[in-house]
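User: I am new to protein models and would like to learn how to read one. Could you take me through a few features in turn?

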Amino acid sequence: MERIKVSASIVTYNNVKYIEEAVRTLLDSAKTVDLTLYCIDNGSTDGTVELLNEQFAADPRFVLLETGENVGFGAGHNKVRDLLDSDYHCIVNPDVIIRDDILDKMVTYAEAHRDVVQLSPRICFPDGQDQVLGKRYPHIWYLAASRIRRSKTEKPTALLAWYAMLNKGVSEPFEIGNATGCFMFFRTKDFQAVGGFDERYFMYFEDCDITRQMRKRGTVLYFPAAIVYHVWARDSKRNRKLKQIHIESLLKFYAKWRMI
């Protein structure tokens, strides 16, 4: 029986600290699908490209593309959009760790539920604790509740818990309005049909944006049976330049969707 084709893309920019584990665990976990993994390097200067070539160039499932400059998250992922001939496509962060064959779980579910155009897995810290991530449309007061939370051990406020839909639990899939960009699973034809990511966002909110676009085409679900482990450094909380980019993307998102 012919195996389902799955593609994945990881955009890197000076991620030498994490990228090897992300690539290796994703390749190693893909037991039942025909996987092609694209790494798009946005002009790294920390040895990322050299490491990737040394460790993975011999694997026929691995493809390295170099943009030569930092074109951003969405534009980087879009470099492979028109190359894809897969049934499903995954967006993967360079600080993600895979510990079992989640692609098989997601493909099996999507094949049985043809209305589903996008799945969002359960996201945990490497120690197994759940990350509190928004699943509703990102109105400003929810974002504020998320930003003021000081650590992963601090109990979420009632507002943040509502935004993250924590009352839904992690036993069954349920429909969501917003999916995190650290790991996104699409039907490839729908990812291509919406044009991939809106490149007006350099970083941040492109995941919220594409989720809204995908919801026009079908069902978007939180799928807790698949678990992804994410380091989640939250750099924009500490880096002034990234904080500025975050705010600019927020304003672009709100203006585009007339949410202000």
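Predicted model: local features only at pLDDT ≥ 70, side-chain atom pairs only at ≥ 80, totals over all residues.

User: Which residues touch the most other members of the largest nonpolar core?

Analyst: A nonpolar core is a set of buried Ala, Val, Leu, Ile, Met, Phe, Trp, Tyr and Cys residues joined through side-chain atoms within 4.5 Å. Buried means under 20% relative accessible area, exposed means over 50%, and partly exposed lies in between (1.4 Å probe, protein chains only). Here the largest core has 41 residues, and Val23, Leu35, Leu52, Leu103 and Phe183 touch the most other members. Helix α4 (residues 102-112) gives the largest share of this core, six residues; helices (H or I, at least four residues) and strands (E, at least two) are DSSP runs, numbered from the N terminus. A second, separate core has 20 residues, among them Val80 and Phe197.

User: Is Asp209 buried or exposed?

Analyst: Asp209 is buried, with a relative accessible area of 2%. This residue is found in helix α8 (residues 206-215). A polar contact is a pair of N or O atoms within 3.5 Å; within protein, one must be able to donate a hydrogen and the other to accept it, and residues adjacent in sequence count only if both atoms are side-chain atoms. The side chain of Asp209 has such a contact of 2.9 Å with that of Lys256, and another of 3.0 Å with that of Trp257.

User: How many salt bridges are found in the whole structure?

Analyst: Side chains of opposite charge can pair when their charged atoms come close. A salt bridge is a side-chain nitrogen of Lys or Arg within 4 Å of a carboxyl oxygen of Asp or Glu. The search finds 13. In one of them, Glu175 meets Arg215 (3.4 Å, N to O). The two lie 40 residues apart, Glu175 in strand β7 (residues 174-175) and Arg215 in helix α8.

User: Which residues are linked with Asp209 in a network of salt bridges?

Analyst: The network links Asp209 with Asp198, Arg200 and Lys256. Between Asp198 and Arg200, the closest N and O atoms are 2.7 Å apart. Asp198 is buried at 15% relative accessible area, whereas Arg200 counts as exposed at 53%.

Methods: Residues numbered from 1 in each chain as written. Heavy atoms only, no water.
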